[in-house]
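The sequence and structure come next.

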Amino acid sequence: MAQAASTLASPAEDILGPQPRLRALRRFIRTQPLGTIGAIIIAIIVFGAIAAPLLHTSDPRAFGEDVLKSPSGEHFFGTDRDGKDVWSRILYGGRVSLKVGLATVIMSVVGGTVIALAAGFIGGFLDFAFGRVADILIAFPAILFALTIRTSFGEELPNFPGLSKQEFVLVISIAIIFTPVIYRIMRGAVLEQRSATYIEAARSIGASQTRLMFRHVLPNLAGLMIVVTSTTLPAAILTESALSFLGVGVEQGTPSWGGDLSGKARTFFTRAPWIAIFPGLALSLTVLAFNLLGDSLRDTLDPRLRNRR
C-alpha cells in the first residue's frame, strides 16, 4: 500500500518534470515564443534594477540645474522639472516596483495557500468563515480598498529587512487585497487534490492531516503556485504604481514609476513628454512581460493544456 501511495503521489513530479533543465528550457523557447520574449524583457529589467548603482548617470534624488532637458548623451532619458535624471530614476524606480511586487506576491501566495490547505482539509465552520471573509474582501474595489488600508496603517508598522517602512506598509496593504483571490484559487485545487486516490492511499496507512497537507498536497500545488505568482506580480506592481500615483505610496522624492507620473509633473507632459513616456513605458513593458511569461507558464505547467499539444 505504501508503494501504491508513493506511485500515485506523482502529479507534482509530472508537472515540474524530471527531464533535464536544458531540454525543458529549449522546449519552452520553441513552444512559447511570447513567454520567452517576456522572460528576456524581465531579465533586462531585473538587471537594470540590480545594477542601478553602476548604470545610473546621477543621483536620482538630487536636484539639478538642467531642468526639463531633452534626452541627450548626458541625460539618456532627459530630466524632469526638478532637474532630476529620468534614466536614473527609472532604474531605481524598478527596484521599488520589483521589491514591493515580489514581497506582496510571496506574502499573498504563501498566506492564501496555507489558509486554503487549512480550510480544505479541516472544513466545517473554518472553511465557511474563511470563505465569507474572502467574499467580503473581494467585493471591495481593489484600488479603493488598498488606498483605505494604506491610509489607515499610516507609519505604525516597523521596518522590515530589505524594505523601508513605507514599502512595508505598501506590501501589507496590497497583500490584503490579493490574498483572498489567491485563497479562492488554491482552495479549489486543494479540494481537487484532497479527493484524489493517492490521498486516500496515504490516509489509509495512517498519514496525519498535517502530513497530507504539507507532504502530499502542497508539492502538487507547486505548478499552480508558480502560475499564480507570475500572473499576480504584474497586478501587484500596477497597484503599487497606482498608490504612488495617488500620493500614498513610497516616500515623496523616492524614485517610483507611478510617482513620477503624478502630481505637478503632469503639468509639464506637453512641454516635456519624455518625463511621461519613459516611466510609463517601463511600467507597461514590465507588466506586459510578466503577463506574457505568466500565460506561457500556465500553458506549460497545466497538464490539461500541455496534453493538447
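## Aromatic pairs

The count comes to five aromatic pairs, where rings of Phe, Tyr and Trp (its six-membered ring) pair if their centres lie within 6.5 Å. Planes under 30 degrees apart count as stacked, over 60 as edge-to-face and the rest as tilted. Phe76 and Trp87 form an edge-to-face pair, at 5.5 Å centre to centre and 75° between the planes. Phe76 sits in the loop between helix 5 (52-55) and helix 6 (86-122), and Trp87 in helix 6, 11 residues apart. Phe76 is partly exposed because its relative accessibility is 39% (buried is under 20%, exposed over 50%, partly exposed in between; 1.4 Å probe, protein chains only).

Phe77 and Phe278 are stacked, because their ring centres are 4.0 Å apart and their planes at 0°. Phe77 lies in the loop between helix 5 and helix 6, Phe278 in helix 13 (residues 274-301), so the pair ties together parts 201 residues apart in sequence. Ring pairs join Phe76, Phe77, Trp87 and Phe278 into a cluster.

## Helix 12

Helices are DSSP runs (H or I, at least four residues), numbered from the N terminus. Helix 12 bends by about 30° at Thr232; the bend is the angle between axes fitted to the seven residues ending there and the seven starting there. Pro234 follows within four residues. After helix 12 comes Gly247, with a positive phi near 90°.

## Basis

This is a predicted model: local features need pLDDT of at least 70, side-chain atom pairs count only at pLDDT 80 or more, and totals for chains, interfaces and linings use all residues. Residues are numbered from 1 along each chain as its sequence is written, and side-chain values use heavy atoms, with hydrogens and water left out.

Technical notes
Helix = DSSP H or I, 4+ residues; strand = E, 2+ residues; numbered from the N terminus.
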